[in-house]
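Here are some questions to work through with the model open. Try each one yourself before reading the answer.

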Amino acid sequence: MAREQWGTKLGFMLAAMGSAVGLGNIWRFSFVAGNNGGGAFLILYLLFVLLIGVPLLLTEVSIGRKAESDVVGAFQKLAPKTPWYLTGFFGIASAFLILGFYAVVAGWAIFYFWNYINGSFFTSPEVGYDGAFGQFISHSWHPIAWTALFMILTIVIVLSGVKKGIEAANKIFMPLLAIILIGLAVFSLSLDGASEGLKFLFQPDWTAFSNPSIYIAALGQAFFSLSLGMGAMLTYGSYLKKENKLPSATLGIGIMDTFFAVISGVVIFPAVFAFGIDPSSGPPLVFITLPSIFEQMPFGGIIGLVFFFALILASLSSSVSILEVPTAYFMRAFGWTRFATSVLVGSIMFVLGIGVSLGFGLWSGVTPIGDLNILDSMDYIASNILLPLGGLSMALLVGWYFKKSEALEATDMKNGLLGNVWFIIVKFIAPIMIIVIFLNQIGVISL
């Protein structure tokens with residue numbers, strides 16, 4: 001069976017951007033930036049995206065294009081007769097865990113969107129947004145139904161194929177998402193007191209740089225917001241034609257991913273400050289804090305509807321790339337059809353999502369890791385263990401297993417200043433940084 005390919009280089013870039021731009025850019029970036037002082041965090045985040053994120057993105061995509069295979073098959077092909085291929089299973093496992101809880105959160109977004117459409121705006125005078133959110137996520141089957149709807153949408157796009165499904169969807173999703181977020185940002189900037197939000201985001205508190213934890217937070221956000229380490233970018237790279245040049249494509253993806261994160265901050269923080277909300281509200285910022293702000297805004301119902309539609313688009317563009325990682329592997333390994341594989345793998349992820357959803361209700365007392373609930377436990381294993389190990393294995397393969405000339409050839413880089421700097425980053429700096437994040441996150445070291 002001939003391997004599927006992207007129709008155009010732009011199609012690949014939009015799909016890769018879709019993979020990178022998700023809940024991590026809109027939901028996670030906002031509360032991590034809020035918790036880490038805004039401007040200082042943003043500067044470090046931008047630096048790490050450029051200096052570490054983009055070189056690692058180039059590395060991961062180059063492995064996929066060179067091998068023309070999935071996250072396990074690529075290592076088997078490029079490092080034959082070695083156990084290196086086992087590291088590919090870090091990506092497979094993390095995809096199951098991440099989409100297992102990601103689909104639940106995305107289902108919440110669809111539920112909010114529906115409530116804005118039908119005019120109820122997800123609130124009642126008795127319980128407020130906090131109480132209403134708690135009632136919804138703890139219900140035994142309501143959130144599961146919305147999770148199912150999100151997974152069905154994801155599976156339909158993936159089973160349609162690389163060109164007709166993933167590429168076609170992202171050609172619609174990404175421009176539409178950009179237009180919506182820019183429109184929301186313009187509206188947010190028109191609010192009284194919005195300037196304080198801009199100051200918080202763009203005017204750094206220089207004393208914050210003395211806190212080591214802000215560096216770890218910024219590096220972690222840069223690493224995870226670019227979808228590195230799971231094999232999504234490797235899998236997408238495997239569908240690229242050989243004539244497509246990688247450095248310009250990966251730099252463009254990094255810049256656009258950062259644009260979406262920053263524009264999300266411009267949407268959220270001016271509104272947060274305009275209504276006197278604490279910017280370090282944490283994860284509830286999107287689902288509790290923002291709806292209460294929308295309620296006080298002129299045209300708040302429309303703004304809420306548009307915002308949660310954008311959140312759904314961002315979630316879908318990422319979820320299809322996560323589902324594609326194990327789908328590509330099982331199709332090659334077992335010779336299954338794309339239709340059967342995506343339905344089976346997506347269904348397993350949905351079953352995991354049922355467990356995650358029940359973790360807020362019937363199974364709220366279940367804490368697999370320490371005092372972490374089911375969602376946080378799955379997130380901890382995937383984000384703090386599997387993704388860093390996956391990213392580390394890719395950097396070590398290119399930096400240490402490949403010859404330098406082979407690594408440069410795979411990435412379309414020349415043996416000049418730029419190529420040498422990239423190779424030093426991938427061989428030495430990125431692995432050290434990943435190990436530091438990994439050890440800090442699992443509590444071996446404390447920074």
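Q: Which residues make the nonpolar surface patch of about 680 Å²?
A: This is a predicted model, so every answer here rests on a prediction. The patch covers about 680 Å² of surface. Its members are Ile-43, Leu-47, Leu-50, Leu-51, Trp-206, Leu-251 and Ile-255.

Q: Which element gives the most residues to the nonpolar patch?
A: Two elements give two or more residues each to the patch, namely α3 and α12. One of the patch residues, Leu-50, is found in helix α3. With 4 residues, the element that gives the most is α3.

Q: Which residues have the most contacts inside the largest nonpolar core?
A: The largest nonpolar core has 161 residues. Helix α5, residues 88-117, gives the most to this core, with 19 residues. The residues with the most contacts inside the core are Phe-12, Phe-287 and Phe-308.

Q: Which residues does Phe-287 touch, not counting residues up to four places away in sequence?
A: Phe-287 is one of the core residues with the most contacts. Leave out residues up to four places away in sequence. Phe-287 then touches Trp-27, Val-105, Trp-108, Ala-109, Tyr-112, Phe-133, Phe-308 and Leu-311.

Q: How many of the 8 residues of helix α13 are buried?
A: Helix α13 spans residues 289-296 and is mostly covered. Its buried residues are Thr-289, Leu-290, Pro-291, Ser-292, Ile-293 and Phe-294. What covers them includes α5, α6, α12 and α14. The number of buried residues in α13 is 6.

Q: Is Leu-246 buried or exposed?
A: Leu-246 is found in helix α12, residues 246-274. Beyond its sequence neighbours, Leu-246 touches Leu-58, Val-61, Ser-62, Arg-65, Leu-240, Ala-410, Thr-411 and Asp-412. Its relative accessibility is 0%, so Leu-246 counts as buried.

Q: How many Å apart in space are Leu-246 and Ser-62, C-alpha to C-alpha?
A: Leu-246 and Ser-62 are 184 residues apart in sequence. Still, Ser-62 is among the residues that Leu-246 touches. From C-alpha to C-alpha, the distance is 7.3 Å.

Q: Why does Asn-36 count as buried?
A: Asn-36 is found in the loop between α2 and α3. Leaving aside neighbours within four places in sequence, Asn-36 is in contact with Phe-41, Ser-213, Ile-214 and Ala-217. Buried means under 20% relative accessible area. Asn-36 counts as buried because its relative accessibility is 18%.

Q: Which residue forms a salt bridge with Glu-4?
A: Side chains of opposite charge can pair when their charged atoms come close. In this bridge the closest N and O atoms are 2.9 Å apart. The pair links distant parts of the chain, 334 residues apart, from the segment before α1 to helix α15. The partner of Glu-4 is Arg-338.

Q: Which residues are linked in a network of salt bridges?
A: Arg-338 also meets the side chain of Glu-324 in a salt bridge of 2.9 Å, N to O. Glu-324 lies in helix α14 and Arg-338 in helix α15, so this pair ties together parts that are 14 residues apart in sequence. Both residues of the pair, Glu-324 and Arg-338, are buried. The network links Glu-4, Glu-324 and Arg-338.

Q: Which residues is Glu-324 in contact with, leaving aside its neighbours within four places in sequence?
A: Glu-324 is buried, with a relative accessible area of 0%. A polar contact of 2.9 Å joins its side chain to that of Arg-338. The contacts of Glu-324 are Val-158, Val-162, Ile-166, Thr-235, Tyr-236, Tyr-239 and Arg-338.

Q: Which residue meets Asp-70 in a salt bridge?
A: The N to O distance in this bridge is 2.4 Å. Asp-70 is in the loop between α3 and α4, and its partner is in helix α14, 262 residues apart.

Definitions and conventions. Residues are numbered from 1 along each chain as its sequence is written. This is a predicted model: local features need pLDDT of at least 70, side-chain atom pairs count only at pLDDT 80 or more; totals for chains, interfaces and linings use all residues. Side-chain values use heavy atoms; hydrogens and water are left out. Buried means under 20% relative accessible area, exposed over 50%, partly exposed in between (1.4 Å probe, protein chains only). Contact means heavy atoms within 4.5 Å. A salt bridge is a side-chain nitrogen of Lys or Arg within 4 Å of a carboxyl oxygen of Asp or Glu. Patches are made of residues with over 30% relative accessible area and no salt bridge: like charges are joined within 9 Å, nonpolar side chains (Val, Leu, Ile, Met, Phe, Trp, Tyr) within 5 Å. Accessible areas come from the Shrake-Rupley method with a 1.4 Å probe; for residues, only the protein chains shown count as cover. A nonpolar core is a set of buried Ala, Val, Leu, Ile, Met, Phe, Trp, Tyr and Cys residues joined through side-chain atoms within 4.5 Å. A polar contact is a pair of N or O atoms within 3.5 Å; within protein, one must be able to donate a hydrogen and the other to accept it, and residues adjacent in sequence count only if both atoms are side-chain atoms.
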